[in-house]
Amino acid sequence: MSDITTAEKERLVAARPLVRRSDAISHRTGGNRSPLSFWYPPRMLRIVLLVLMGVFAVTAQPAAPRPEANLNATLWVQTSAEFGALATQTYRAAGMALTAALADPHWTAAYEQTNDFRALPPAVILDLDETVLDNSSAQVQVMRTGQGYTEEGWTAWVKEARAGAVPGAVAFLHAALLKGVAPHYITNRVCNPADAADPTVKVLKHLGIPYAPDRLLCKTAGSNKTDRRSAVAGRFRILLLIGDDFNDFTAVPDAVDERTKLRKFYEPMWGTKWFVLPNPMYGSWERSVGFDLAKKWNALRP
Ligand SMILES: [Mg+2]
């Protein structure tokens, strides 16, 4: 015979979860502590600890690299075999063109050469930065400081005189000298060719690049190179032009479409009398699309 009625059984079963839930609630609130409850700090202290742990977790992680528009371009110049191969290929082709140019007294590479140049001594004109000199580590410095390109930063880097040589350049220049061809450098660096302590003069000598003070034409009032090409054309027959920027060959406008038209207009010159080194890091092409990242995005073609 049972002492508990059916109605009482149902009431007891229904009450069990309530008992367990109330036990759990009292544990969380400290009302019914386990033997390990001395590890469990008060609520405010727990919040402070959690915040501190969060701060520590954030500060302990390595700094995330910044998005950097020039990262791939600089890395490609510095580490890819393809860049070195392209530069070598360009200078080798230029060397072969030199032989043909020397044999043809009617050959000139400069539109500024309007005189009777047939009897003039031969010369080649090269740009310096990213044509003969590899300044990619200056780009690394710009990226690391995160302050963008500045004239002051560039001047300070030039003073360190630690540019490298673009692959193929030194061999080409020595081969030209051996053939009696005078290398001339037209650069928009601010430099003093007559000063042996000038950082550009020092770096040229350090890299074994053939150099003479009257053949280094530094930046003038403007960055346009036409006048300086004309000055060389007055005294030499210009066999080849070598550069990394369209303006190393002729004066060009900024507009992308205009530049493309001119590039096509000068089609016969590329790879015959004009030789271009790859420079994905900077150049007048960048000015034509705009330095602002949003403008660069807008300039992309689908
Ligand atoms: Mg250049």
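Among contacts in the protein chain between residues at least 6 apart in sequence, 80% join residues at least 24 apart; two residues are in contact if their C-beta atoms, placed from the backbone, lie within 7 Å. The model is predicted, and local features need pLDDT of at least 70, side-chain atom pairs count only at pLDDT 80 or more, while totals for chains, interfaces and linings use all residues. Residues are numbered from 1 along each chain as its sequence is written.

Display the whole protein chain as a cartoon. It has 12 helices and 7 strands, which are DSSP runs numbered from the N terminus (helices: H or I, at least four residues; strands: E, at least two). Of its 302 residues, 27% count as buried. A residue is buried if 20 or more other C-beta atoms lie within 10 Å of its own, exposed if 12 or fewer, and partly exposed in between.

**The core**

Next, select Ala123, Val124, Ile125, Ile238, Leu239, Leu240 and Leu241. Of the 47 residues in the largest nonpolar core, these touch the most other members. Helix α4 (residues 81–103) supplies the largest share of this core, 6 residues. A nonpolar core is a set of buried Ala, Val, Leu, Ile, Met, Phe, Trp, Tyr and Cys residues joined through C-beta atoms within 7 Å.

Centre the view on Leu239. Leaving aside residues up to four places away in sequence, Leu239 touches Leu98, Ala101, Leu102, Trp107, Ala109, Pro122, Ala123, Val124 and Val181.

Select residues 199–206, helix α8, and show the side chains of Thr200, Val201, Val203 and Leu204, which are its buried residues.

Move on to Gly208, in the loop between α8 and β5 (216–217). Its phi is positive, near 75 degrees. Gly208 is exposed, with 11 other C-beta atoms within 10 Å.

Select Glu130, in the loop between β1 (122–126) and β2. Although not a glycine, Glu130 has a positive phi of about 65 degrees, and it is buried, with 25 other C-beta atoms within 10 Å.

Finish at Ala161, in the loop between α6 and β3 (164–165). Ala161, also a residue other than glycine, has a positive phi near 50 degrees. Ala161 is partly exposed, with 17 other C-beta atoms within 10 Å.
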